[in-house]
Amino acid sequence: MKKMYYDQDVNWDVLQGKTVAVIGYGSQGHAHALNLKESGVNVIVGLYEGSKSREKAEAQGLKVAAVSQAVAVADITMILIPDEKQAKVYREEIAPNLKDGAALAFAHGFNIHFNQIIPPANIDVFMVAPKGPGHLVRRVFTEGGGVPCLMAVQQDYTGKARELALAYARGIGGTRAGVLVTTFQEETETDLFGEQAVLCGGVTALIKAGFETLVEAGYQPESAYFECMHEMKLIVDLLYEGGMAAMRYSVSDTAEYGDYVTGPRIITDATKAEMKKVLAEIQDGTFARNWILENQANRPSFTATRRKEANHPIEAVGKELRGMMGWLKKK
Ligand SMILES: NC(=O)C1=CN([C@@H]2O[C@H](COP(=O)(O)OP(=O)(O)OC[C@H]3O[C@@H](n4cnc5c(N)ncnc54)[C@H](OP(=O)(O)O)[C@@H]3O)[C@@H](O)[C@H]2O)C=CC1
Ligand SMILES: CC[C@](O)(C(C)=O)C(=O)O
Ligand SMILES: [Mg+2]
Ligand SMILES: [Mg+2]
């Protein structure tokens, strides 16, 4: 197995006396800022004038400043605003304020790998990319655990970039779970592939196809929802905790037999061939170009699809059923 880095491998001293500017206070931003602060790091959150997030960050005990001011006082600037907004904010507010020898950090390699941000030579550039949604990076940390991270160094101007990245990963809880060294290219391509083909695109397409098949055959939507969406989390929890063996141990032998004979009829060689095409379009920049152009055109296709997806019948029945689950309402 490749070397994995854990808490005991970290030189925590490299963060002593340093200030981290966390730019953005959304999914990843709030998790990084709060986890770092609770790990004893001096954090300042950078937001724009009139940002909706300001009140929340301040209420949670964080210092907040304009992006330019936060970068100017920071030793490490972690960019945690949406990928499609990063290049403009970098050009206008971050680049002019970066100190010689400071570090610029990312949680995803898109803008560096696809040349949307080209940093100057006199800074460190690293990535700490949690392999999980920001709200879970925060929740798991408060429960004493961590989310595994990928770590990469693109520029090592100070000679300390790797130590700094590892210490940063510890500050957000990553080295509790394990940190793997990678490159910006590998993280960018695997992350885009994973979210499109498996984690987000693949899973939602599978759930919708299952739900529609049952409802179109005359079964109750509530029953189809429990079967295809609600129980997905409970099955995935077992995969998370103990791999496929733990899931197959807990389900009935009838389910395990069905898993073996039917799974390969659903995800076929044709599905894998399509996955390879998706990966090729990520690798050759086609996906990145389409996403950048979609944003330049003010997201017509993204907005229309988001609206259509929100109106899928599984969302209406799910909302009603989840409304009766008191423990979910509290979250
Ligand atoms: N979401 C995730 O779990 C993961 C994300 N990543 C990566 O992390 C990065 C951040 O993604 P994510 O957390 O989803 O981002 P979000 O969409 O959650 O970021 C929203 C935050 O950015 C702020 N923001 C928006 N525009 C600006 C601006 N011009 N200046 C300052 N702040 C601004 C928003 O403020 P307001 O609300 O006031 O508009 C809000 O606080 C990306 O690179 C992404 O690929 C990596 C792993 C997982
Ligand atoms: C799976 C989606 C993700 O890559 C993530 C939570 O890791 C993202 O970009 O949000
Ligand atoms: Mg990801
Ligand atoms: Mg991603």
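Here is a quick tour of the ligand's surroundings, an annotated site and the nonpolar cores. Keep in mind that this is a predicted model.

**Around ligand 1**
- Ligand 1 has 25 residues around it, and the ones that come nearest are Gly-24, Gly-26, Gln-28, Ser-51 and His-108.
- If you sort this shell by class, you get 13 nonpolar, nine polar and three charged residues.
- Three elements, α1 (27-38), α4 (83-94) and β7 (124-130), each provide at least two residues of the shell.

**An annotated position**
- The unreviewed UniProt entry puts a "binding site" annotation on Ser-252.
- To find Ser-252, go to the loop between α11 (221-250) and α12 (253-266).

- Nonpolar side chains tend to be buried together in soluble globular proteins.
- In this model, the largest nonpolar core has 62 residues, and Val-45, Ala-105, Phe-126, Met-127, Val-128 and Met-151 have the most contacts inside it.
- Helix α7 (residues 161-171) gives this core its largest share, seven residues.
- Take Val-128 as an example: leaving out residues up to four places away in sequence, Val-128 touches several residues, including Ala-105, Cys-149, Met-151, Tyr-168 and Ile-172.
- Another core, of seven residues, lies apart from the largest one, and Tyr-225, Cys-228, Met-229 and Ile-314 are among its members.

Notes: Residues are numbered from 1 along each chain as its sequence is written. Chains are lettered from A and ligands numbered from 1 in the order in which they are written. This is a predicted model: local features need pLDDT of at least 70, side-chain atom pairs count only at pLDDT 80 or more; totals for chains, interfaces and linings use all residues. A residue is near a molecule or strand if its C-beta atom, placed from the backbone, lies within 6 Å of it. Helices (H or I, at least four residues) and strands (E, at least two) are DSSP runs, numbered from the N terminus. Ala, Val, Leu, Ile, Met, Phe, Trp, Tyr, Cys and Pro count as nonpolar, Asp, Glu, Lys and Arg as charged, and the others, Gly among them, as polar. UniProt positions are given in the numbering used here, feature names are shortened, and annotations may be inferred rather than shown by experiment. A nonpolar core is a set of buried Ala, Val, Leu, Ile, Met, Phe, Trp, Tyr and Cys residues joined through C-beta atoms within 7 Å. A residue is buried if 20 or more other C-beta atoms lie within 10 Å of its own, exposed if 12 or fewer, and partly exposed in between; C-beta atoms are placed from the backbone. Two residues are in contact if their C-beta atoms, placed from the backbone, lie within 7 Å.
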